[in-house]
Amino acid sequence: QVQLVESGGGLVQPGGSLKLSCAASGNILSIIRMAWYRQAPGKQRELVAAITSGGTTNYADAVQGRFIISRANAKNTVFLQMDSLVPDDTAIYYCNARLSTVEVPRWENYWGQGTQVTVSS
C-alpha cells in the first residue's frame with residue numbers, strides 16, 4: 001500500500017514563505033516523477049511543479065521564479081519551497097507520485113491527502 005504524506009502547510013502573510021514536504025512509503029520499486037498540484041475553492045486542480053527522477057523540473061507560469069521543487073531520491077521525498085507568496089496561492093496542495101511497486105509493477109499515479117496553504121494578512 002503506497003502512502004504519500006504531506007506536511008508543511010499553514011497560514012502565512014503575503015510575501016512570506018513556506019516549505020512543503022511529501023514522503024512516499026510502501027514497497028516502492030521506482031519513482032519516475034513527483035509533483036505538486038493545487039486546488040483552490042471553485043477551481044480545478046492544477047499542476048504547480050514537477051520533477052523527474054533525472055532532476056528535470058517544470059513549473060506553472062504563475063509560480064515560476066517564486067517556487068522551487070526538489071527531491072531527495074534516496075528518501076522518496078519531494079519538497080516545494082514557496083517564496084513571495086500571494087493570496088492567489090491559497091489552495092489545498094496535493095502531492096503526486098508516478099511510481100511502481102512490488103504489488104503493482106507498472107507506472108501508476110498516487111496522491112496524497114493534501115495540505116492547506118492560506119496566504120492572508
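Analyst: Please note that this is a predicted model. The link of Cys-22 and Cys-95 is left-handed, with -80° about the S-S bond.

User: Which parts of the chain does that pair link?
Analyst: The pair links distant parts of the chain, 73 residues apart: Cys-22 lies in strand S3 and Cys-95 in strand S9. Their sulfur atoms are 2.1 Å apart, and they form a disulfide.

User: Is Cys-22 buried or exposed? And what about Cys-95?
Analyst: Cys-22 counts as buried because its relative accessibility is 0%. Cys-95 also counts as buried, at 0% relative accessibility.

User: New topic: what is the order of the strands in the open sheet?
Analyst: The open sheet has 4 strands in the order S1-S3-S8-S7, and their pairing is antiparallel. Strands S1 (3-7) and S7 (67-72) each have a single partner strand, so one side of each is left without a neighbour in the sheet.

User: How many bridges join S7 to S8?
Analyst: The two strands are joined by 6 bridges. In one of these pairs, Ala-72 has Thr-77 in S8 as its bridge partner.

User: And the largest nonpolar core, how many residues has it?
Analyst: That core has 31 residues, and those with the most contacts inside it include Trp-36, Leu-80 and Met-82. Strand S9 (91-101) is among the elements that give two or more residues to the core. S9 gives the most, with 5 residues.

User: What is Met-82 in contact with, leaving aside its neighbours within four places in sequence?
Analyst: Its contacts include Leu-18, Leu-20, Phe-67, Tyr-93 and Val-117.

Note on methods: Residues numbered from 1 in each chain as written. Predicted model: local features only at pLDDT ≥ 70, side-chain atom pairs only at ≥ 80, totals over all residues. Heavy atoms only, no water. Pairing = 2+ DSSP bridges. Core = buried A, V, L, I, M, F, W, Y, C linked by side-chain atoms within 4.5 Å. Buried < 20%, exposed > 50% of the residue type's maximum accessible area, 1.4 Å probe, protein only. Contact = heavy atoms within 4.5 Å. Disulfide = S-S within 2.5 Å.
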